[in-house]
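Here are a few notes to get you started on this one. Have the view open and follow along point by point.

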Amino acid sequence: MAEYKWPEAGKRTLIGTRISRLDGPDKVSGRAKYTYDVSRPGLLFGKIVRSPYAHSKVVSVDTSAAEAMPGVKAVLVIQGPGTEVQWAGDEIVALAAVDEPTAEDAARAVKVQYEKLPHVVDDYDVKAAGAAAKPMAEQTQGEPDKAFAEAEVVSEGEYGSTVMTHCCLEAHGAISEWENDKSLLVHISTQNVSGIAGQMAGPLGIPAGDIRVKMDHIGGGFGSKFGPDRWTIVAAQLSKKAGGKPVKIMLERDAEQTIAGTRPSAYGRVKLGAKKDGTLTAWHSETWGSGGIGGGGRVPLPYVLEIPHRRSLHTAVATNVGSSRAWRAPNHPQACVLTMGAFEDLAAKLQRDPYDLLMQNIAMTGVRSSIYKEELEVANDLMGWKKSWHPRGDKTAGPVKRGLGLAIHTWGGRGHDSAGDLTLQPDGSVELKMGTQDLGTGTRTAITIVVADTLGLPMEAVRLRIGDTLYPPSGGSGGSTTIGGVSAASRRGSLDLLDQLFAKVAPALGVEPGALEAVGGRVRVKGDPGQSLSWAEAAGKLGGIPLTVRGTNPGPGDLINSGVGGVQMADVSVDVETGRVRVNKLVAVQDCGLVISLKTAESQCYGALIMGISYALYEERVMDPISGRMLNPNMEFYKLAGLADIGELVVRMMTGKGYDERGVIGLGEPPVISPGASISNAVANAIGVRVPQIPLTPRRVLSALEGRRA
Amino acid sequence: MKDDDGTGEGVSRRTFLKTSGVPLAAAPVLLRTRVVRAAGDGVEIHGPGKASFTLNVNGRPRPVEVEPRVTLLEALRHDLDTTGAKRVCDRGTCGACTVLLDGKPVYACSILAIQARGRKVTTVESLAGEGALHPLQQAFVDHDGQQCGFCTPGFVVACKALLDKHPDPTPDDIRRGLGGNLCRCGTYVGVHAAVLQAAKGGHRG
């Protein structure tokens, strides 16, 4: 039996090294095919007529003009007369035509009458929301009232983050086609290749096994692409009406921004109590926010810091907008802003450096306190924190003020269920089939690294096939669960394959199978490298029949783990005349157990910092309270950070002793959590007052300086 | 579909087929185009219905037949199966559809296909040679200037245009030259490093 563990540091040939992503050449040359790029014979283009009102009742639907148009092949009423529609942008009618302009013309020809109903789209004004605001159960630990009564210093403040959108560059969408009356082929932009068919089976009334799902590349998901969504079901229904012809529905940019993914807001008033010496003793928070029509979930408070006496109250506000979706590290960035903001304000009140105050209270970070301590020290070195930090309010002359801020975060990231079939052919070629997906995180590269390293082969010797329900299922790529799942399954499969191969090869080398190892493209006797066969010669001992083994996660051995830390520090400049914030430098120190693919791991962190700068400074969904519509469902007024906006970024992955032996842990979420809080704290340190909400727009910064609400 | 109501005052389909092999430098050949006199000049009236004409894409003549309202981006993607350029914002903000028009970077979503007649369209697909990436593309791979990769073709083309104009770009040149392209995954660090490597290595390769 194989021993299921990762190779020791000295024996890793590829694991943990910097290897360029395998699909890089396809992506830089335009060859990579996304769902949006897929064309099928006889392709029809689907368009959807959407509700213009935030809350309404459908009175009548007239599709006759659209149906009469040449080139229109199928029309489907999704929500007919009498239906109550809860948000602007909801689907009313869908149709398919021979080309996109014709489909657009036809969609414009559909006449829908609505009866407008009252709506709520403001997620900040809880009182105005009335019955739409629902208090959730109070969460209390210890004796917060007593602790506050005994606290020597109490700091109070307001913090929060507004709603942002996922803004995937490849919009949500799919191509559905009936290959015969019974089986469906779906090309879909998804984070969840193996999980789509099961969600389509019910609505379509066919067995999930008759639905094949494929995807080569995805242009961003960030948590918003786990389900087929109504439009993919509708594409299948339109296809059926059109005799099985493929129907492609990709959302237009305004729909993508309006209904295909938002991160919930979270606002709150926080009170933090401490002893004079800085020991944290008490937490009280009253928070509220909205995840759209569903109201949204609760933010975990206090975040990371296990303050002994605490109470948190939360009110979920249901608004007439489409439901929020998981956004990278759901609820954590908001919790981090609320907690680390309150912590920084307490430090300012105590006239303490927050770095020192955090170190003093580091035991409250729990089981990973030694990791946080080490990461804080590394971040201090990389930022020069102790050299540059000044008490709150930059006292230097001139309108540009500079400041430092920090934040810490955590995430689980245990590997999901995953399976892959690894086949060794008698000619020595190796192929792994796994129904997973590569979101751009480097999953293809990481899997190939694990297989090649384990089999002692170069990367080029391993052929990997993913993104198809014909392959063994793998979990959805969310919550930083993919790397643990796919790397553990790949490692187990590769070790089992070696076991079986060694059994076939051992007689030829006159040793026991256990005496063999696979190194440098050869199968050799341990301790006697002269006794060996080339990989192809070894495969020749299979007897002409391919060998296939299935590697799975979970499985034997401790290959993966859960729970990471992470520290970030921000250096910003704020122009107090214009309110403009610039990030000069952002430092991320991040652990994630054993790093499989160092280059793409670092890219995850760089990307998270950039996304973090973007949501900390620019990104905000703006709703019009009168019409109930989103005012910036585009990319010129929904702002993403550009190349010129990011400053100097420093990423340090914590690897080596104390980290590697933990096993593999996910990385997609953790580094995106702290930027909002660290940048917000740096701004407070620079200008001397707290800007209560992110994004830290000029309007909010100037309002805070003038002592009024933005 | 309104593809059978052309007025045919321009060139007939048959004539078009006979003449479509002529060099691109020749006057644009159009189907169902009327020419009216306005202020003493001949002004082309296109549509309604489809117009047939030839685009010069990556050095090859490519006949298309699309409605005048169809953008260069959609013609490239739907009619010529050149899918490297992407439609993202669809209104000239994000740069994912960047192509070169006579060597200058443009947003293909904001130009009509019919406006590109007689001009040289260069897409990301033309950069790589037989079996080898362009040095700029190799630099993107080396520095991981892509994650999901959806913005990447637009960035590669924008970087090509930047380096064509500024072979040794200053940090400010890079900020300005790539200010018209947006990435959601956050690949700017890799993109920036790729531009510097390509500049040093003589990106024309």
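**Notes on the predicted model**

1. Start where the chains meet: 49 residues of chain A are in contact with 50 residues of chain B. Keep in mind while looking that this is a predicted model.

2. Which helix gives the largest share of chain A's side of that contact? That would be α16(A), with nine residues. Helices α1 (24-28), α3 (100-109) and α16 (598-617) of chain A each supply at least two residues to the side touching chain B. Sorted by kind, the residues on chain A's side come out as 24 nonpolar, 16 polar and nine charged.

3. Next, have a look at helix α14 of chain A, which covers residues 482-509. Its 28 residues reach 39 Å from first C-alpha to last, close to the 40 Å expected at 1.5 Å a residue. Even so, α14(A) has a kink of about 35° at Ala503(A), shortly before the proline Pro507(A).

4. Is α14(A) mostly covered or mostly open? Mostly covered: 21 of its 28 residues are buried. Just past the end of α14(A), Gly510(A) takes a positive phi of about 65°.

5. Further along chain A, three strands make an open antiparallel sheet in the order β23-β24-β25. The edges are β23 (516-519) and β25 (528-534) of chain A, each pairing on one side only. From one strand to the next, the twist averages 35°.

6. Zoom in on β24 of chain A (residues 522-525): four bridges join this strand to β25(A), and the two run antiparallel. For a landmark, find Arg522(A), which stands opposite Ser534(A) in β25(A).

Terms used: Residues numbered from 1 in each chain as written. Chains lettered and ligands numbered in written order. Predicted model: local features only at pLDDT ≥ 70, side-chain atom pairs only at ≥ 80, totals over all residues. Pairing = 2+ DSSP bridges. Axes fitted to C-alpha atoms, helices over the stretch in contact; angles between N-to-C directions. Expected span 1.5 Å × (residues − 1). Bend = angle between axes of the 7 residues up to and from the residue. Buried ≥ 20, exposed ≤ 12 C-beta atoms within 10 Å, placed from the backbone. Contact = placed C-beta atoms within 7 Å. Nonpolar A, V, L, I, M, F, W, Y, C, P; charged D, E, K, R; others polar.
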